[in-house]
Amino acid sequence: MSIDWAALGSVFGVSLAVTVALVGLFTLGIVGLSQQDKAAASTGGQATKARTGAYACFALCAAAVAYGIYLIVA
């Protein structure tokens with residue numbers, strides 16, 4: 001039995017990069033929702049942009065998770 005270290009390293013690198021990207025994207029969504037109250041106090045249009053951006057971040061996170069589940073099941 002031999003281990004393909006190059007393939008193992010590749011899987012580790014890709015999974016680390018995707019994990020960091022998903023956590024960062026989710027964090028941007030949370031920051032967008034937290035900025036919504038502050039933006040609503042100043043101007044109405046900025047609050048809508050903050051909420052829309054946050055929902056877009058959450059939707060991209062959900063799409064990435066769904067794609068990962070699709071890859072595992074298929």
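V73 sits in helix α2, which spans residues 44-73. Helices here are DSSP runs of H or I with at least four residues, strands are runs of E with at least two, and numbering starts at the N terminus. This is a predicted model, where local features need pLDDT of at least 70, side-chain atom pairs count only at pLDDT 80 or more, and totals for chains, interfaces and linings use all residues. Residues are numbered from 1 along each chain as its sequence is written, and side-chain values use heavy atoms, with hydrogens and water left out.

V73 is exposed, at a relative accessible area of 67%. Exposed means over 50%, buried under 20%, and partly exposed in between, with a 1.4 Å probe and protein chains only.

The overall fold comes next. The protein has two helices and zero strands. Its radius of gyration is 18 Å, well over the 11 Å from the globule rule for 74 residues, so the protein is more spread out than a compact globule. That radius is taken over C-alpha atoms, and the rule is 2.2 Å times the number of residues to the power 0.38. Along the principal axes, the C-alpha atoms fill a box of roughly 65 × 25 × 10 Å. Of the 74 residues, 12% count as buried. The accessible surface comes to about 5600 Å², and 74% of it belongs to carbon and sulfur atoms.

There are two aromatic pairs. One of them joins F26 and F58: it is tilted, at 5.1 Å centre to centre and 55 degrees between the planes. F26 lies in helix α1 (residues 5-42) and F58 in helix α2, so this pair ties together parts 32 residues apart in sequence. Rings of Phe, Tyr and Trp (its six-membered ring) pair with centres within 6.5 Å; planes under 30 degrees apart are stacked, over 60 edge-to-face, and the rest tilted.

The disulfide count is zero, a disulfide being two cysteine sulfur atoms within 2.5 Å. The sulfur of C57 is 7.0 Å from its closest cysteine sulfur, in C61, too far for a bond.

| Residue | Relative accessibility | Class |
|---|---|---|
| F26 | 42% | partly exposed |
| F58 | 21% | partly exposed |
| C57 | 13% | buried |
| C61 | 9% | buried |

Definitions and conventions
Areas by Shrake-Rupley, 256 points an atom, 1.4 Å probe, with all protein chains shown as cover.
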